[in-house]
Amino acid sequence: SGCISLALLSHLPQAKVTGWDINPLALRMTRFNLNRNHIDPACLTLRQCDLFAVSSVDCDVLVSNPPYIKSSAFESLVSPSVRRWEDWRALIDRGNRNGTAFHLKLLELFGNSLQCRLLAMELDGTWTQLNSIIRHVPRHQSYSVLRDHSDRPRAILVKKHCAALQG
């Protein structure tokens, strides 16, 4: 649906946003919602791709709602209506025990980018997943955790320190 990209553009109309999705239908829905919300189409670039085929990113901020549901938990965590209508690739992590394969790929892309200064990723709300991710945050980066009303970790923000950006 492009909700993250479109929400950013509605609040930051001068921004240039790139949206990635593996599903062409999701990209079509994003274009539809872009027009429906009267957002300048020149501000949004959409790319159909598999994140694991991406080798680099060129952005200031990287924001993602990555798939994080473990395949073993799919039936018990996802409602039948979501299972029926949502592309499973948008929900299920790629075989990683802790549901962190996409998060770790995003951390890699973020770390390899000279320009990117902030990475924001949604989490599944478990401390197990959060701990699996923060073990991979390098020392020259810092992180903060956003918690929901039940005090569960729902997002992680990873920032690069200025010294690391300069050299």
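## Helix H1 and its neighbours

The buried residues of H1 pack against strand S1 (17-21), helix H2 (24-36) and strand S2 (44-48), where contact means heavy atoms within 4.5 Å. This is a predicted model: local features need pLDDT of at least 70, side-chain atom pairs count only at pLDDT 80 or more, and totals for chains, interfaces and linings use all residues. Residues are numbered from 1 along each chain as its sequence is written, and side-chain values use heavy atoms, with hydrogens and water left out.

Which residues of helix H1 (residues 3-11) are buried? They are Ser-5, Leu-6 and Leu-9. Seen down the axis of H1, these buried residues fall within an arc of 90 degrees, so they line one face of the helix. On the other side of H1, Cys-3 and His-11 are exposed. Buried means under 20% relative accessible area, exposed over 50%, and partly exposed in between (1.4 Å probe, protein chains only). Helices (H or I, at least four residues) and strands (E, at least two) are DSSP runs, numbered from the N terminus. The arc is that of the directions from the helix axis to the C-beta atoms.

## An aromatic pair

Phe-52 and Phe-102 form an edge-to-face aromatic pair, 4.8 Å centre to centre with 70 degrees between the planes. (Rings of Phe, Tyr and Trp, its six-membered ring, pair if their centres lie within 6.5 Å; planes over 60 degrees apart count as edge-to-face.) Phe-52 lies in the loop between S2 and strand S3 (61-64) and Phe-102 in helix H5 (residues 101-112), so the pair ties together parts that are 50 residues apart in sequence. Phe-102 is buried at 8% relative accessibility, while Phe-52 is partly exposed at 31%.

Note on methods. Rings of Phe, Tyr and Trp (its six-membered ring) pair if their centres lie within 6.5 Å; planes under 30 degrees apart count as stacked, over 60 as edge-to-face and the rest as tilted.
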